[in-house]
Amino acid sequence: MGTTDEDRVYYVISDLHIGGDEQLENVEFLDELLAFLERLEQTDEPAELVINGDAFGLWEFTTISGIEKFDALEETYPELFEQFRATGENIPITMLPGNHDHELAAYDEYVERFAAYNVDLVQEQSITRPVGSRTIHFEHGHQQDPNNRIEDWGNPYATPLGYFYNTLVTSRAGQLSDRGRYNWLKDVQAVTPTERMPVWLLSKYFYREMNPLLRYALVPFLLLFNISILLVILTSLDLAGIWSMPVERTTGFLSQFGTAGTAVWFLLAINVTITGLVMLVGIPLYFIRRDVRKTVSRFGIFETELTVDAETPYAEAAREVFEEDPETAIFCYGHTHRPRLQELEGGVAVNTGTWLKRLHRRDGITGILPPVFYPSYQLCTVRIAAEPDAGGIVVDYEAVEKPSPKAEELTLTERLFTVGREPELELPDGTVIEDEVQVSEPQPAE
């Protein structure tokens with residue numbers, strides 16, 4: 001018996017962000033991507049690969065325009081395009097535009113050029129596919145993001161706010177990245193949400209670009225800052241003759257250790273002096289800073305709970321799709337770079353994550369040290385298939401293994417400050433959806 005579209009198995013990936021100016025040309029997961037495509041080239045499943053937006057970083061090309069960007073991609077990644085061709089001879093490959101590669105929807109020539117490599121580029125905002133007796137809704141997700149929504153779909157000159165960020169910041173970072181002490185600036189495209197950028201830049205300056213002697217001189221002061229504030233208060237009470245016991249006992253305790261105790265007391269004295277001066281100037285500056293930050297935060301420049309939690313718009317969009325078409329069981333999207341499966345009334349919302357490096361913020365456990373942004377990869381594909389033996393439509397995440405680049409990208413100081421606090425990445429658990437549309441019973445009239 002032959003297979004039908006309803007029997008098809010779907011593999012979904014998104015947010016590869018391949019390409020861009022200079023250092024952004026480096027694809028750190030290329031070997032893993034080629035191996036994944038080779039696996040699909042050999043599969044006997046009735047499969048289809050859906051690349052759900054942002055396969056390419058076309059916004060990040062700023063020295064060329066239009067279809068020339070395809071020429072650059074073709075020339076830079078010949079092995080990838082040849083693997084597209086080989087995989088596409090075995091299974092269908094469908095590609096949707098995202099925001100970073102919205103130009104794919106703007107020039108019909110892209111459709112022809114990708115077709116030569118057995119890739120079906122669909123220039124629409126979304127597509128649907130049958131699975132069992134239900135339907136999957138695919139969209140990249142940027143249309144739910146006001147900073148990246150394309151109001152005039154297919155217009156090659158559409159420029160949402162995110163466009164300017166990527167052409168002015170991300171692409172420029174790719175051009176300048178190799179000038180640093182370490183080639184780190186290109187990772188700007190992995191910083192999400194973008195409101196986290198100021199803190200990330202401060203972190204990389206401190207741990208990577210700052211003169212090492214200056215950094216090591218500052219570390220004790222920054223680590224002991226919280227303790228130093230307490231000592232400033234106690235010293236002030238001692239000098240004022242209000243309460244001398246803590247200072248006297250501390251002096252007596254440290255004197256037992258001879259030269260070592262004197263060195264510690266000297267270090268604490270320096271910290272107290274510096275901290276006292278900082279507090280003297282910093283208290284009025286704190287209130288000014290707080291007022292400025294409140295004002296600036298209203299414009300979404302700094303990270304807040306609102307900017308970090310970007311899932312609510314997608315849950316709402318999924319509910320609307322499920323309500324409009326009850327046969328739709330799955331709302332599949334990307335864009336936020338966070339793999340996530342959320343069960344909603346009427347179906348599930350599935351985020352396919354990203355193949356880019358992910359940066360996990362780890363704040364200092366004491367003092368006022370800049371946070372460490374711990375690098376890792378969470379490469380994955382989402383597999384969707386109707387499996388009667390499993391009880392319905394199975395949605396599952398399949399991990400693609402790639403080690404963390406921490407040894408190469410974190411300084412010794414950063415590794416020490418994150419010992420025991422490394423991110424433990426786990427993909428969401430899969431789920432099984434009923435392969436039947438649930439029709440609610442009509443309510444009797446009162």
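Author: Gladly! Keep in mind that this is a predicted model. The accessible surface of the protein chain comes to about 22700 Å², and carbon and sulfur atoms hold 54% of that. Of the 446 residues in the protein chain, 47% are buried. As for secondary structure, the chain has 14 helices and 14 strands.

Reader: Why is Val-169 called partly exposed?

Author: Its relative accessibility is 32%. Buried means under 20% and exposed means over 50%, so Val-169, at 32%, counts as partly exposed. Val-169 belongs to helix H5, residues 161-176.

Reader: What makes Phe-164, Leu-168 and Val-169 a patch?

Author: Patch members need over 30% relative accessible area, and nonpolar side chains are joined within 5 Å. Val-169 has 32%, so this residue passes the area cut-off of over 30%. Together with Phe-164 and Leu-168, Val-169 forms a nonpolar surface patch of about 270 Å² accessible area.

Reader: Now the sheet: why do strands S5 and S8 count as edges?

Author: The open sheet has 5 strands in the order S5-S6-S7-S9-S8, with mixed pairing. S5 (126-131) and S8 (340-344) each have a single partner strand, so one side of each lacks a neighbour in the sheet. From one strand to the next, the twist averages 20°.

Reader: How do you know that S8 pairs with S9?

Author: Pairing takes at least two bridges. S8 and S9 (residues 347-351) are joined by 5 and run antiparallel, so they pair by that cut-off. Gln-342 stands opposite Ala-349 in S9.

Notes:
Residues are numbered from 1 along each chain as its sequence is written. This is a predicted model: local features need pLDDT of at least 70, side-chain atom pairs count only at pLDDT 80 or more; totals for chains, interfaces and linings use all residues. Side-chain values use heavy atoms; hydrogens and water are left out. Patches are made of residues with over 30% relative accessible area and no salt bridge: like charges are joined within 9 Å, nonpolar side chains (Val, Leu, Ile, Met, Phe, Trp, Tyr) within 5 Å. Accessible areas come from the Shrake-Rupley method with a 1.4 Å probe; for residues, only the protein chains shown count as cover. A salt bridge is a side-chain nitrogen of Lys or Arg within 4 Å of a carboxyl oxygen of Asp or Glu. Helices (H or I, at least four residues) and strands (E, at least two) are DSSP runs, numbered from the N terminus. Buried means under 20% relative accessible area, exposed over 50%, partly exposed in between (1.4 Å probe, protein chains only). Axes are lines fitted to C-alpha atoms, for helices over the stretch in contact, and angles run from 0 to 180 degrees between N-to-C directions.
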